[in-house]
Amino acid sequence: MNVSLTVWLLTIAALCALVGVDFLVGRKPHDVSVKEAGTWTVVWVVLACLFGLGVFLFGGGGPTGEFFAGYITEKSLSVDNLFVFVLIMGKFAVPSPYQQRVLMVGVLMALVLRALFIAAGAAIISAFSWVFYLFGAFLIWTAWKLVQDARKGGHEEEYEENKLLKAVENRFGVADRYHGTKLWIEQNGKRVMTPMLVVMLAIGSTDVLFALDSIPAIYGLTDDPYIVFTANAFALMGLRQLYFLIGGLLKKLVHLSYGLSIILGFIGVKLVLHALHESGVHVPEIGIPFSLGFIVLVLTVTTLTSLRAAARQERREAAAEGEPGSAAAASEA
């Protein structure tokens with residue numbers, strides 16, 4: 001797409017306005033209900049679809065397919081990120097009324113940092129076409145690592161603070177308890193961070209690590225920085241509501257990591273084929289319509305098999321809990 005500077009500025013202004021509305025809605029700490037989370041999740045999905053319609057009207061079918069393929073991929077990777085967000089919330093014992101504020105600021109930080117990643121990626125790609133080989137190989141390796149982590153029960157591990165976060169804590173100090181939504185307080189004559197600020201930094205810095213595979217993944221579907229940025233923005237902005245909507249269902253998505261590994265591996269192969277094609281090697285290239293259909297199919301199958309496996313596990317646990325009771329009742333009789 002030939003996107004002018006004016007369109008870029010208008011898009012950024014519109015996204016900032018949406019973030020502002022989201023901030024106003026959630027400015028007062030409160031427990032987010034399923035109804036509220038569901039309503040806003042639908043709103044963000046509808047807004048993404050309307051934006052996709054706008055891309056179709058002004059850019060045609062090709063860019064539209066790239067946007068939706070990128071949006072669905074980034075949204076799926078974001079859902080996987082929610083597993084880690086749950087661990088972070090548990091690690092820092094964030095009170096439930098403050099969780100929506102933590103996620104809001106953390107996602108905002110992630111948007112800004114990802115914009116820098118996207119700009120850097122666009123500059124590298126325009127200067128070095130061979131970087132597609134690197135991106136492709138990295139995604140294939142990430143896909144394999146995702147499978148290995150899933151086999152080991154990676155989502156069940158405890159969250160460990162990264163070195164940068166620990167260094168910040170040591171430098172400024174951390175208060176011993178939460179002080180509402182305050183980020184800094186005076187304690188013993190020294191200005192220190194509150195746990196609220198620490199957990200926000202944890203969410204934001206963790207999402208930067210997630211960007212290391214999500215940004216190359218979307219560049220495997222489109223090399224248009226405008227589509228890459230908007231797809232990421234719409235995928236991230238509804239993440240806060242999605243956290244509260246499917247938080248209880250996350251443990252049932254037992255096959256999600258396998259599905260995402262297939263998608264990342266697929267995009268990695270697509271990137272390598274594209275790089276070979278750019279180098280003059282006659283190899284088949286994978287089109288966007290096929291990519292979009294493949295991604296949707298994998299996610300659908302993954303969700304269905306996950307829910308089926310989770311239901312089967314629940315029946316086993318219910319049966320196991322019922323057996324001792326039945327035996328005791330039989331002995332009493």
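Buried here means under 20% relative accessible area, exposed over 50% and partly exposed in between, with a 1.4 Å probe and protein chains only. The views below show a predicted model, in which local features need pLDDT of at least 70 and side-chain atom pairs count only at pLDDT 80 or more, while totals for chains, interfaces and linings use all residues. Residues are numbered from 1 along each chain as its sequence is written, and side-chain values use heavy atoms, with hydrogens and water left out.

View 1. Y71 counts as buried because its relative accessibility is 8%, and F67 counts as buried because its value is 0%. F67 and Y71 both belong to helix α3, where 4 residues, about one turn of the helix, separate them; helices (H or I, at least four residues) and strands (E, at least two) are DSSP runs, numbered from the N terminus. Rings of Phe, Tyr and Trp (its six-membered ring) pair if their centres lie within 6.5 Å, and planes under 30 degrees apart count as stacked, over 60 as edge-to-face and the rest as tilted. By this rule the count comes to 14 aromatic pairs. Among them is the stacked pair of F67 and Y71, with 6.1 Å from centre to centre and 10° between the planes. Ring pairs also join F67 and Y71 into a cluster with W8, F51, F68, Y226, F229 and F234.

**View 2. The ring pair of Y243 and F244.** F67 is a buried residue, with a relative accessibility of 0%. The ring centres of Y243 and F244 are 5.1 Å apart and their planes stand at 90°, so this pair is edge-to-face. Y243 and F244 are both buried, and F244 counts as such because its relative accessibility is 16%. F244 lies in helix α9, which covers residues 239-246. From F244 to T39 the C-alpha to C-alpha separation is 11 Å in space, although the two are 205 residues apart in sequence.

View 3. Side chains of opposite charge can pair when their charged atoms come close. A salt bridge is taken here as a side-chain nitrogen of Lys or Arg within 4 Å of a carboxyl oxygen of Asp or Glu, and a search of the whole structure finds 1 salt bridge. The side chains that meet in a salt bridge are those of E74 and R114, at 3.2 Å from N to O. This pair links distant parts of the chain, since E74 is in helix α3 (residues 61-91) and R114 is in helix α4 (residues 96-127), 40 residues apart. Both partners, E74 and R114, are buried.

**View 4. Two surface patches, one positive and one nonpolar.** Patches are made of residues with over 30% relative accessible area and no salt bridge, like charges being joined within 9 Å and nonpolar side chains (Val, Leu, Ile, Met, Phe, Trp, Tyr) within 5 Å. Accessible areas come from the Shrake-Rupley method with a 1.4 Å probe, and for residues only the protein chains shown count as cover. Lys and Arg count as positive and Asp and Glu as negative, whereas His and the chain ends are not counted; the place of a charge is taken as NZ of Lys, CZ of Arg, CG of Asp or CD of Glu. R308, R312, R315 and R316 form a positive surface patch. R308 has its place in helix α11, residues 288-332, and counts as exposed because its relative accessibility is 60%. V42, V46, L50, L53, F56, L57 and F58 make a nonpolar surface patch of about 780 Å². L57 sits in helix α2, residues 34-59, and is exposed, with a relative accessible area of 62%.

View 5. Although A93 is not a glycine, its phi is positive, at about 50°. A93 is found in the loop between α3 and α4, where its relative accessible area of 54% makes it exposed. N188, also a residue other than glycine, has a positive phi near 55°. The loop that holds N188 runs between β1 (184-187) and β2 (190-193), and N188 is exposed, with a relative accessible area of 77%.

View 6. N81 has its place in helix α3 and is buried, with a relative accessible area of 4%. H277 belongs to helix α10, residues 256-278, and is partly exposed, with a relative accessible area of 37%.
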